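Here is a short report for a reader new to this structure. Take a look at the model before reading on.

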There are 2 protein chains.
Amino acid sequence: MREIVTLSDVAREAGVSPSTVSRVINGTAKVASRKREAVLKAIERLNYRPNIMAKGLAQGRSLTIGVISQEISSPYYGEMLKGVEQALEGTPYHPIFASGHWRVDREEAALRVLVGRQVDALVVMDGSVPQERLLELVNLMPVVVVGREIQGLSCLSVDNAQGAFDATRHLLELGHRRIAHIAGPQSHPDAIERLKGYRRALGEADIPFEPALVVEGDYLEPSGLLAVEALLARGALFTAIFAANDQMAYGANVALYRRGIRVPNDVSIVGFDDLPSSSYFTPPLTSIHQPGQELGWEATRLVLARLENREYTPISPSTRLVVRESTALLRSPATRLMHQPT
Amino acid sequence: MREIVTLSDVAREAGVSPSTVSRVINGTAKVASRKREAVLKAIERLNYRPNIMAKGLAQGRSLTIGVISQEISSPYYGEMLKGVEQALEGTPYHPIFASGHWRVDREEAALRVLVGRQVDALVVMDGSVPQERLLELVNLMPVVVVGREIQGLSCLSVDNAQGAFDATRHLLELGHRRIAHIAGPQSHPDAIERLKGYRRALGEADIPFEPALVVEGDYLEPSGLLAVEALLARGALFTAIFAANDQMAYGANVALYRRGIRVPNDVSIVGFDDLPSSSYFTPPLTSIHQPGQELGWEATRLVLARLENREYTPISPSTRLVVRESTALLRSPATRLMHQPT
DNA sequence: ACAGATTTTGAAAGCGCTGTCAAGACTTGA
DNA sequence: TCAAGTCTTGACAGCGCTTTCAAAATCTGT
């Protein structure tokens with residue numbers, strides 16, 4: 001292991017005091033140009049790299065932003081994290097990620113790890129850690145929350161109800177009347193909102209809400225598949241499905257495919273999130289675009305601004321319907337799917 | 001901002017010396033149980049959290065593992081990072097990620113950031129930073145590389161040629177003779193290996209290699225689509241496609257779908273990577289499973305072992321053909337696709 | 001050329017923790 | 001009961017950097 005070069009080594013090499021070296025590195029004060037030159041040369045020559053922990057200790061900050069997401073490998077959080085990464089580029093800060101896995105205890109653990117690591121600020125994505133806990137942290141460091149609305153905290157989120165409304169509306173406009181909904185877990189506020197949006201669209205079209213047409217899933221593919229199985233098993237009649245997220249839409253699509261039910265010919269599907277892979281799904285999935293990357297970006301810029309005591313008004317990214325090939329005009333008003341429970 | 005509780009605060013509160021507090025926290029030495037109790041109580045009462053930077057500075061390590069991947073939001077790296085996260089769970093270490101975006105300069109920058117942040121060890125996934133650079137780092141800290149073979153470094157990778165061989169072989173066994181290959185960027189060693197595996201399988205089946213049946217893509221969906229377009233445009237005749245990764249297979253599938261060419265009825269497709277979404281693709285994609293998560297896990301365990309001067313022989317995860325519904329027996333030996341260039 | 005104002009510079013005291021070292025507190029056995 | 005041995009404990013010197021403070025150097029204007 002190579003011996004370590006410290007700031008004092010540089011100072012000695014350049015024939016100045018450590019304070020001076022620190023000053024040229026951080027530009028904290030004016031330094032005679034001859035000396036500055038000497039210091040820079042010495043740094044170069046010794047290949048000096050400041051020890052960020054020492055710096056952190058001395059300054060009382062870590063130049064680190066803690067980010068809690070739920071699952072790093074999930075395509076949705078992947079997008080958000082990418083946004084965070086981008087926003088931090090070129091700043092002295094670096095993100096450090098921890099995952100809550102949709103479980104309060106894991107999330108709490110993640111929070112502890114990040115706080116223990118002296119993060120200077122926190123970005124929390126979704127999750128269900130108690131509000132109080134988060135509010136408690138806020139007088140320790142700047143905190144911004146994505147995907148939850150918490151009084152007293154900077155929150156960033158998307159209008160889920162509106163997105164769901166648009167999705168359902170789109171189906172309605174294509175002539176569909178019997179629209180099933182694969183809902184997200186009703187413990188999630190966003191899933192609740194999406195269900196609301198669906199109901200509102202139905203209501204405005206004077207279509208009565210039929211509980212038998214909605215099945216609750218867990219936002220993962222298998223549950224979408226299961227949901228369709230359940231729908232078919234109970235003999236539900238529908239010509240379109242609005243899934244509360246793309247992953248469940250994928251699952252639903254497979255279930256339909258297995259039964260030989262064609263998308264969009266027999267049944268139209270619209271998802272929610274517009275994951276990157278959705279445009280290459282077959283058929284390319286109509287979906288509600290979630291600006292995941294932008295959300296991550298904005299949240300990060302906001303937290304950065306707080307850190308620097310700047311004002312910053314984040315633009316609130318909004319959803320957008322992306323029509324692709326999984327939705328089509330209802331063939332004929334008479335078209336109906338009849339299924340025997342298996 | 002709340003005032004900060006330090007170890008000496010705890011010491012004072014418990015009526016012992018800071019050293020003793022340190023000892024009970026780290027279990028570095030035996031402490032009379034009365035005092036230990038007192039210390040634990042004090043910690044509890046003051047809600048003390050050790051400052052990890054101070055600890056790091058004092059111990060000369062950061063308890064941090066640097067991980068370089070290429071793109072955090074890519075499903076493939078997502079899996080690997082998840083494996084890393086899991087492997088680190090329960091250890092005092094935490095990962096810190098940086099992305100190379102498949103560009104040497106960005107990768108170099110990522111490397112600098114991580115080294116500057118005093119990571120205790122490094123896991124490098126793919127990428128193309130010069131070997132020398134990596135070898136230079138190895139006398140600074142343990143380094144393990146995933147997906148590249150570098151003399152003098154611990155490397156972990158999968159037998160890409162074998163995987164590609166299995167994929168092609170599978171198609172061959174289904175009776176296919178005209179198998180197109182959508183290759184990965186030939187600047188990547190793994191893409192080269194996969195092409196080799198494809199050729200070897202062809203060779204063993206006495207089928208001459210036809211350059212006209214291979215198109216090079218860039219591992220992203222659009223290039224898969226373009227590849228199929230290119231193949232069709234040049235009037236290539238094929239009944240199956242082996243794509244060098246799933247993402248390109250997705251793209252290829254869409255291109256086929258657009259033309260009304262059915263998978264697997266008209267053309268079979270096999271991918272490579274077996275992304276989580278592939279089993280919910282329509283049709284569920286036959287693919288070569290890449291043990292991404294295991295790779296991340298093993299690499300991390302290995303680097304951890306090095307850190308603790310333990311011996312550890314990583315089990316080398318291997319690929320596995322997963323047959324799903326995108327491949328089928330060649331309908332009739334006479335079946336052929338004829339296409340006019342568009 | 002000199003007093004006074006203004007910069008530039010270095011010494012030194014931390015930041016919060018660990019780990020060595022030696023002193024203090026207990027044991028033990030004769 | 002006392003010397004020798006064993007544990008437990010606290011003082012203190014760092015870890016590498018920042019930052020205050022005051023001294024040294026430089027610059028004014030006359």
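## Basis

This is a predicted model.

## A helix pair in chain A

Helix H10 of chain A spans residues 221–233, and helix H11 of chain A spans residues 246–258. Their axes come within 6 Å. They cross at roughly 45°. H10(A) and H11(A) are therefore oblique to each other. Their crossing is right-handed.

Which residues of H10(A) meet H11(A)? They are A:Glu221, A:Pro222, A:Ser223, A:Gly224, A:Leu225, A:Ala227, A:Val228 and A:Glu229. On the H11(A) side, the contact includes A:Gln247, A:Met248, A:Tyr250, A:Val254 and A:Leu256. By class, the contact of H10(A) with H11(A) has eleven nonpolar, four polar and two charged residues.

## The two sides of H2 in chain B

Helix H2 of chain B covers residues 18–26. Its buried residues are B:Thr20, B:Val21 and B:Val24. Seen down the axis of H2(B), these fall within an arc of 100°, so they line one face of the helix. An α-helix has 3.6 residues a turn, so residues three or four places apart point the same way.

The face of H2(B) turned away from the buried side carries the exposed residues B:Ser19 and B:Asn26.

## Neighbours of H2

What do the buried residues of H2(B) pack against? Their partners are helix H1 (7–14) and helix H3 (33–46) of chain B. After H2(B) comes B:Gly27. The phi of B:Gly27 is positive, near 60°.

Definitions and conventions
Residues numbered from 1 in each chain as written. Chains lettered and ligands numbered in written order. Predicted model: local features only at pLDDT ≥ 70, side-chain atom pairs only at ≥ 80, totals over all residues. Axes fitted to C-alpha atoms, helices over the stretch in contact; angles between N-to-C directions. Helix = DSSP H or I, 4+ residues; strand = E, 2+ residues; numbered from the N terminus. Parallel < 35°, antiparallel > 145°, perpendicular 65-115°, else oblique. Left-handed = near helix turned anticlockwise from the far one by under 90°. Contact = placed C-beta atoms within 7 Å. Nonpolar A, V, L, I, M, F, W, Y, C, P; charged D, E, K, R; others polar. Buried ≥ 20, exposed ≤ 12 C-beta atoms within 10 Å, placed from the backbone. Arc of directions from axis to C-beta.
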